[in-house]
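Student: I am new to this structure and would like to examine its aromatic rings. May we proceed by question and answer?

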Amino acid sequence: MSESTVKARRAASTEPLVRLKSVGLRYRFPSDGESTLKGLFLDSLLRRRARPVDFWALRDVTLEFRRGEVVGIVGPNGSGKSSLLKVIAGVLEPTEGTVDTSGQMPPIIDPGSIVNPMLSGRQNARIYGALFRIPPSEIEGFLSRIEQFSELGAFFDAPVRIYSSGMVARLVFSIAVTFAPDILLVDEILSVGDEHFQKKSYFKMLKLIERGSLAVIVSHNTSFLEGLCDHVVLLHQGRVISRGKPAEVLRYYRSHFS
Amino acid sequence: MMRRLSELWEYRDFWKHLVYQQALARYQGSLLGFLWTLVFPLLTFLTFTLVFSVLNNQSFSGYGLYFLSGYIPWIFLANTATLSCDAVVGSPVYVTRVRVPRALLPLAVVALQAVDLAAGLVLLALFMAVFSVGFHPCLVAVLFSLIPLTAAAAGIALYCSAMNVFFRDFRHLLSAFLFLWFFVSPILWRPDGNASLQPLVRLNPVVYVLKLFQQPIAYRQWPDFTLFLAVTGISIVVLLMGLQFFFSREKEFYCHV
């Protein structure tokens with residue numbers, strides 16, 4: 001299955017899975033790092049007024065993603081790419097604007113972050129299952145699919161602390177695509193694992209997209225995005241400064257930011 | 001509020017996993033690990049009982065039973081409060097990377113402390129067996145007293161875990177405060193002994209909770225039913241206020257962890 005046939009066979013579905021309307025996300029930090037009761041006490045005693053520092057990670061972002069689309073997100077470091085994924089996944093509530101989503105939204109941005117090294121791959125998969133709110137009656141079926149896809153063999157029942165980093169990546173990717181195949185939020189996930197598994201996970205993604213999943217991919221690998229995406233969104237300082245056909249947006253990105 | 005509560009209920013399986021993972025980390029996956037966590041409370045109990053039964057000129061078993069009946073619920077409340085301070089701050093990943101009701105974190109601390117509470121009650125039963133204190137039907141009341149105790153602990157845990165997100169020195173202040181509160185409360189000493197202490201006893205809210213345990217265990221009396229109802233009502237209010245505070249502040253956590 002080549003990329004062009006995937007793009008061609010993708011149904012021209014118009015059902016939006018994700019809709020962001022003038023979304024803004026503000027970080028408000030205390031001016032002196034951590035706030036304390038002691039600080040509060042001293043401030044009121046000395047009649048100081050601590051000014052919090054505001055930082056808008058996203059501002060005025062309006063986007064719509066549909067079924068069967070592959071969307072690439074590019075931008076320099078700190079431009080709001082991960083914040084955008086967090087807002088889409090519902091990890092963070094936007095400070096202003098609205099986010100509407102339908103479909104099984106993955107509840108986690110970076111699935112590797114809650115892997116417990118003391119537990120086996122299977123036990124970790126169970127925890128993710130609970131996080132994805134898979135009914136207990138269906139969990140066993142999911143587990144055997146994860147076991148099969150990850151190709152971890154006997155390691156699937158061994159504690160994750162003895163895994164290599166590539167094996168962890170395989171486990172995590174298998175969990176993500178098995179539990180929430182509707183919407184794939186990918187934050188540079190394909191850069192890990194060996195060549196065989198990279199290919200395998202790439203084709204798995206293509207297959208899911210062909211079946212109507214939405215993929216939102218954050219990556220610095222522009223040639224990878226150019227080959228795969230339907231359109232690309234360029235973020236800079238939290239705002240969408242360009243969006244459209246991958247070739248055009250990426251040309252603009254390369255000429256301005258690299 | 002109702003929407004948030006039903007969401008918490010939907011995540012109950014994940015909550016169980018959280019509790020299990022915390023238990024695993026704490027007890028290192030072994031029964032011996034669990035027994036180790038009992039060493040310090042046991043040592044505290046033996047030291048206090050030995051010293052104060054001599055000082056107060058009372059029998060070891062009589063004083064020990066009184067002390068234990070107040071100390072077990074007290075230490076459950078105090079430990080839940082201090083340990084829940086780390087519940088959110090200690091797991092920033094659940095705030096910044098995962099979409100999950102964050103109230104599960106302090107509630108997992110409550111569950112883990114409830115295991116210790118159960119261990120304390122087993123210890124109490126052993127103590128009664130060793131000193132051949134016979135069974136009395138009013139001991140059943142202890143099971144009912146656990147309801148308001150747990151509700152209050154959950155409310156306190158929610159409140160403390162959220163406070164410590166915004167003020168990192170909250171836990172130090174709390175520890176100091178609890179240390180003083182322990183000695184001011186009638187746990188080591190009996191409330192009826194000294195008339196000048198009465199105002200102190202009457203104004204101390206924890207006294208009423210402890211009474212629900214001290215009366216059946218140490219005095220072999222059924223606790224006053226109106227007292228039970230009042231304490232239960234107030235504990236539920238504490239729980240609801242804790243939930244309300246946590247839910248209203250949860251949105252701002254990501255700027256502070």
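**Aromatic pairs and charges over rings**

Tutor: The structure holds 36 aromatic pairs, taken over all chains. The model is a predicted one.

Student: Which class of aromatic pair do B:F67 and B:Y71 form?

Tutor: The ring centres of B:F67 and B:Y71 are 4.9 Å apart, and the angle between the planes is 25°. Planes under 30 degrees apart fall into one class. The pair B:F67 and B:Y71 is therefore stacked.

Student: Why are B:F67 and B:Y71 separated by about one helical turn, and in which helix?

Tutor: B:F67 and B:Y71 are both buried. They are separated by about one helical turn because they are four residues apart in a helix of chain B, spanning residues 60–89. That helix is α4.

Student: How many residues apart in sequence are the parts tied together by B:Y159 and B:F245?

Tutor: B:Y159 and B:F245 form a tilted aromatic pair, 4.8 Å centre to centre with 40° between the planes. B:Y159 lies in helix α7 and B:F245 in helix α11 of chain B, so the pair ties together parts whose separation in sequence is 86 residues.

Student: Is B:Y159 buried or partly exposed?

Tutor: Buried residues have under 20% relative accessible area. B:Y159 has 35% relative accessibility, so this residue counts as partly exposed.

Student: Which residue lies over the face of B:Y66?

Tutor: In chain A, the charged end of A:R145 sits over the ring of A:F142, 4.7 Å from its centre. In chain B, the residue over the face of B:Y66, at 4.5 Å from the ring centre, is B:R190.

Notes
Residues are numbered from 1 along each chain as its sequence is written. Chains are lettered from A and ligands numbered from 1 in the order in which they are written. This is a predicted model: local features need pLDDT of at least 70, side-chain atom pairs count only at pLDDT 80 or more; totals for chains, interfaces and linings use all residues. Side-chain values use heavy atoms; hydrogens and water are left out. Rings of Phe, Tyr and Trp (its six-membered ring) pair if their centres lie within 6.5 Å; planes under 30 degrees apart count as stacked, over 60 as edge-to-face and the rest as tilted. Helices (H or I, at least four residues) and strands (E, at least two) are DSSP runs, numbered from the N terminus. Buried means under 20% relative accessible area, exposed over 50%, partly exposed in between (1.4 Å probe, protein chains only). A charge sits over a ring if NZ of Lys or CZ of Arg is within 6 Å of the ring centre and within 35 degrees of the ring normal.
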